[in-house]
Amino acid sequence: MITLYGWGPMFGCPSPSPYVMKTEIQLQMFGLEFKRAMADLDAVSKHKAPYLKDGDLLIQDSNFIRAHFEDKLGKSLNTGLTPEEEADAWALERMAEGHLMQCLGYDRWMIPENFNKGPVMFFMAAPEPQRSAIIKDTLEHVAANYQGNGFGRHTASERHQLADWDIRAIATRLGDKPFLFGDEPTAADASVSAVLISAATDFFDTPLVKLVTQHENLNGYMKRMSELYFAESLWPVPEIA
Ligand SMILES: N[C@@H](CCC(=O)N[C@@H](CS)C(=O)NCC(=O)O)C(=O)O
């Protein structure tokens, strides 16, 4: 029995987490049957989702989940790619997940109007008397991380300029192909499309929406990936206390 732990549809996206979306796509690419369950971050050492249980084996991080099934099934998600294309694919994934995600996360967590209609939901299970202190501590921690890695030291227009360069690179790589490396989706499509779909949701007030949706080829690409992998949500509906 395989269980993917994460979160289902929120914020106008198949998941609030592009990493969970990526793994959900990759498990489907492998042709695996799996269950979806709500993540309990306190139950795992890295305190991050996605994580997955394959029988008794716990695997944390979307990259290690993919590697686990490539090994176990002897099946690559990059079939048909040359070694150079595989190298480009890895670089594109890292850019989307590591760099473009900085801007997306910043706009969701550090812009108060966006935080208050989005990520604040994650704190609703905290006891009411402590909730605002927990939120304050978390936001200070998030802000310190952005200061520490330097992203938070840019102006808003510099942050979006960096994101624009990433998005343009993806749009150029895609060109008029259906998927990043040709007619069939490969591993990087899971990662890159998940980040683009998350950046393009108009649930949040952010220039990212226009920066993505101004590219017609990216609109077609997000639609293709959504139709292939997110036609219906199979996540459990969370119980409202
Ligand atoms: N490198 C990880 C990133 C996962 C990640 O950052 N997940 C976020 C949600 S988007 C998370 O669980 N954050 C909770 C926390 O940091 O406490 C992966 O690829 O799985």
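Modeller: In this predicted model, helix H7 passes helix H9 in a left-handed crossing. H7 covers residues 187–200 and H9 covers residues 216–229; their axes come within 10 Å and cross at roughly 110°. Angles of 65 to 115 degrees count as roughly perpendicular, so H7 is roughly perpendicular to H9. On the H7 side the contact is made by Asp 189, Ser 193, Leu 196, Ile 197 and Ala 200. H9 contributes Leu 218, Tyr 221, Met 222, Met 225 and Ser 226. By class, the residues of this contact are 7 nonpolar, 2 polar and 1 charged.

Next, the sheet. Its 4 strands form an open sheet in the order S2-S1-S3-S4, with mixed pairing. Strands S2 (35–38) and S4 (57–60) stand at the edges with a single partner strand each, so one side of each has no neighbour in the sheet. From one strand to the next the twist averages 25°. S4 pairs with strand S3 (residues 51–54) in the antiparallel sense, over 4 bridges, and Tyr 51 stands opposite Gln 60 in S4. Helix H2 (residues 62–73) lies across S3 and S4 and runs at about 130° to S4.

Last, the ligand site. Surrounding the ligand are Ser 17, Tyr 19, Leu 41, His 47, Lys 48, Ala 49, Pro 50, Asp 61, Ser 62 and Asn 63. This shell divides into 4 nonpolar, 4 polar and 2 charged residues.

Definitions and conventions: Residues numbered from 1 in each chain as written. Predicted model: local features only at pLDDT ≥ 70, side-chain atom pairs only at ≥ 80, totals over all residues. Axes fitted to C-alpha atoms, helices over the stretch in contact; angles between N-to-C directions. Helix = DSSP H or I, 4+ residues; strand = E, 2+ residues; numbered from the N terminus. Parallel < 35°, antiparallel > 145°, perpendicular 65-115°, else oblique. Left-handed = near helix turned anticlockwise from the far one by under 90°. Contact = placed C-beta atoms within 7 Å. Nonpolar A, V, L, I, M, F, W, Y, C, P; charged D, E, K, R; others polar. Near = placed C-beta within 6 Å. Pairing = 2+ DSSP bridges.
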